[in-house]
Amino acid sequence: MEDRKFVRMGRFTSSVGLKGEMKVTLYNEETVNFKKGAEVYLGVSGGKKPFTVRSVRNHNGTVIAALEGVADRNASDSLRNTEFFMDEEDLEELPEGYHYVEDLIGMKVYDLNSAREIGTVKDILTNTPQEVYVVEREDAGDVMIPAVENFVREIDTENEVIKVALIPGFLD
């Protein structure tokens, strides 16, 4: 399991009912990877423990899922706010223009307007109406850049660079 690359897919937020079902926040809501029969991994001390997805359903816009071996509310409560991962080899290829969160973390961010490096993506907030890149800067505090077309102009995964066009005063 050491050589495998795991991709952060989402987290279990709270229990639903008494039979081990949980609400799920997916970091990429359009994913087709999180489905019945898929294998997910939960971070535990000493590594990642695999679980098979027993069921997935949508209830009023909320994803509800259950895992094999998580049979009651006590077991699902123990997974509250636990992130889950999938093996990169098990993932279907994303449509053009989409990226997994893990692929963007660590990328350098350059502002096209000032022709200078801003910093490095250290996190991506996905619980907002649009994703927000949290960029760590060496000379100042972190800056949050909405991941919208008006700001993000190019994501170059080959060179690990995100090019943005920020409005004047954005970094002040």
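**Exercise 1.** Leaving aside neighbours within four places in sequence, find which residues F34 is in contact with, where contact means heavy atoms within 4.5 Å.

*Solution.* Once those neighbours are set aside, the partners of F34 are F12, V24, L26, V40, V53, V56, V63, A65, F84 and M86. This is a predicted model, in which local features need pLDDT of at least 70 and side-chain atom pairs count only at pLDDT 80 or more, while totals for chains, interfaces and linings use all residues. Residues are numbered from 1 along each chain as its sequence is written, and side-chain values use heavy atoms, with hydrogens and water left out.

**Exercise 2.** Identify the members of the largest nonpolar core that touch the most other members, and state which strands supply at least two residues each.

*Solution.* A nonpolar core is a set of buried (under 20% relative accessible area, 1.4 Å probe, protein chains only) Ala, Val, Leu, Ile, Met, Phe, Trp, Tyr and Cys residues joined through side-chain atoms within 4.5 Å. Among the 22 residues of the largest one, F12, V24, F34, V40, L67 and F84 touch the most other members. At least two residues of this core come from each of β1 (6-16), β2 (21-26), β3 (39-44), β4 (47-59), β5 (62-67) and β6 (82-87), strands being DSSP runs (E, at least two residues) numbered from the N terminus. A second, separate core has 18 residues, including V121, V135, V143 and V164.

**Exercise 3.** Describe how domain 1 and domain 2 are placed and joined by contacts.

*Solution.* The bounds, from an automatic or database domain assignment, are 6-90 for domain 1 and 101-164 for domain 2. Their centres, taken over C-alpha atoms, are 28 Å apart, and four residues of domain 1 are in contact with four residues of domain 2.

Notes
Buried means under 20% relative accessible area, exposed over 50%, partly exposed in between (1.4 Å probe, protein chains only). Helices (H or I, at least four residues) and strands (E, at least two) are DSSP runs, numbered from the N terminus.
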